[in-house]
Amino acid sequence: MPHSIDESFLALPLRALADAALARARALGAEHADFRFERVRSAAWRLRDARLAGSSDTTDLGYAVRVVHGGSWGFASGVDLTPDAAAAVADRAVAMAKLSAEVIAAAGSDERVELADEPVHADRTWVSSYETDPFDVSDTEKRELLAEWSSRLLAADGVAHADASLLTVRENKFYADTAGTTTTQQRIRLHPQLTAVAVDPVSGEFDSMRTIAPPVGRGWEYLTGTGWDWDAELAELPSLLAEKMRAPSVEAGAYDLVVDPSNLWLTIHESIGHATELDRALGYEAAYAGTSFATFDRLGELRYGSELMNVTGDRTAEHGLSTIGYDDEGVAGQSWDLVRDGVLVGYQLDRRIARLTGFERSNGCAYADSPGHVPVQRMANVSLRPAPDGPSTEEMIGGVERGIYVVGDRSWSIDMQRYNFQFTGQRFFRIENGRLAGQLRDVAYQATTTDFWGSMTAVGGPQTYVLGGAFNCGKAQPGQVAAVSHGCPSALFRGVNILNTTQEAGR
């Protein structure tokens, strides 16, 4: 049953504040102005060996006014919920735009901020897809469930410690602009995670393994039966960890890889998601988060990977962490192609970058993580599409003579152009003559982005597709954090370079 916007949010003076701020910005001559009111509630619980180790419950509430005045950006924010205060925030935003214009002129630039057109979306409401708001569930019930799951792990042979955590967020936003768009939205997301730790009592050697259940744009039902089989994962985790403790170290060399969605999502995030942010490709992030090898002049020409590679940017995927009805510039959520048949065909855009580079419309990638931050271009749900009649994971493994099956994400490293990288994982299984032949340790796969995706020779079918993701994608200065999902099937890559991480660390 669809949910409605929380009544306590609607009871706030949203429209009165917006009307005062936008009227003041118009009176001061702004070419464009938008008003954004946010209430973001975040709660977290951490358990160590089934005992509560820490918890928090915070709410960030306030509003922001952004303007284009004299061809320059201006931005200011406030927390005083009166129309006069909102008008004063608009005053500060315009003053900042005027100061920015002076600085830009002094630097000898004549570049003006202009925004791509967007249809007016008046009085629109959007709520993400979930059944039970986790904030309607008592803290006691949350702690008891995490403690019970931790106790299951601790009761298993070989598990010395168990860590558990749960992050929950309810995000409310109201947006209005001088064009006439007004939107009210509510998003729910959560991230549960459990980790088992094993310690060899003789050698003191230790290792860990955590759940591969992804963070999701769902509600409490995700922990109680809908969307993930927690009982099955918790039951198998101790034996998988015990096998890992006994596993031999990998022999470095070239292997065929079957990569599970629980690992491949992160490779997509780093090598495709960030690389196809057009502000990065244009150099706007060069001073902090880097650039991109997928430069704008190569649009429509760059061979990103094999012809089996089809990647979309998507702000509409059900349960996606980056799914929205409307972004923080009033742009409706969309889905579009980034890579088609292995060729770069699109980018992620906000309204300013879209207009600057000749696109008719933004694809809705503006986002601010709090009312005190200006919207910046942020990542959509960037996903590798499954092959309609593609093979199962087992069928791909069956076609490999000498290889490795990779499950779960762990550490990663990639250069500032998103080109040279290496990734590790939670579990690595040796493949011999089409069969799994036990786990390996100390494994990392290394490649350049185009070589890796060019080596993809099979893409799994829809039955292998999983929507992975993370809560903590960072970008911008001052830094902002966004949650984003990446869907993908299992996939087969031929002749990938495998490093032994222990040997590499010793060099």
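User: Is Gln477 buried or exposed?

Analyst: Keep in mind that this is a predicted model. Gln477 has a relative accessible area of 57%, and exposed means over 50%, so Gln477 counts as exposed.

User: Where does Gln477 sit?

Analyst: In the loop between strand S20 (466-475) and strand S21 (480-488). Tyr288 is 189 residues apart from Gln477 along the chain, yet their C-alpha atoms are separated by 7.5 Å.

User: Okay, strands next. Which strands are joined to S22 by bridges?

Analyst: General idea to start with: strands of a sheet pair through backbone hydrogen bonds, either parallel or antiparallel. Here, strand S8 (residues 253-259) is linked to S22 by six bridges, and the two run antiparallel. Gly253 stands opposite Ile498 there. Strand S18 (residues 443-448) has four bridges to S22, again antiparallel, with Ala444 partnered by Leu499. Then strand S19 (residues 456-459) runs antiparallel to S22 with three bridges, and Ala458 faces Leu492 across that pairing.

User: Why is S22 described as largely enclosed by the rest of the structure?

Analyst: Because seven of the ten residues of strand S22 (residues 491-500) are buried.

User: How do I read an open sheet? What is the strand order in the one with S9?

Analyst: The order is S11-S10-S9-S14, four strands with antiparallel pairing. Strand S11 (343-344) and strand S14 (381-384) are the edges, each pairing on one side only. Inside the sheet, strand S9 (residues 311-314) and strand S10 (residues 335-340) share four bridges, and Asp314 has Ser335 as its bridge partner.

User: Which helix lies across S9 and S14?

Analyst: Helix H6 (residues 261-273), running at about 115° to S14.

User: And two helices against each other?

Analyst: Two packed helices are described by the angle between their axes and the distance between the axes. Take helix H4 (residues 139-154) and helix H5 (residues 230-246): their axes come within 9 Å and cross at roughly 30°. Angles under 35 degrees count as roughly parallel, so H4 is roughly parallel to H5. The crossing is right-handed.

User: Which residues make the contact?

Analyst: H4 brings Trp149, Arg152 and Leu153, while H5 brings Trp230, Asp231, Leu234, Leu237 and Pro238. By type, the residues of this contact of H4 with H5 split into six nonpolar, two charged and no polar.

Terms used. Residues numbered from 1 in each chain as written. Predicted model: local features only at pLDDT ≥ 70, side-chain atom pairs only at ≥ 80, totals over all residues. Heavy atoms only, no water. Axes fitted to C-alpha atoms, helices over the stretch in contact; angles between N-to-C directions. Parallel < 35°, antiparallel > 145°, perpendicular 65-115°, else oblique. Left-handed = near helix turned anticlockwise from the far one by under 90°. Contact = heavy atoms within 4.5 Å. Nonpolar A, V, L, I, M, F, W, Y, C, P; charged D, E, K, R; others polar. Buried < 20%, exposed > 50% of the residue type's maximum accessible area, 1.4 Å probe, protein only. Pairing = 2+ DSSP bridges.
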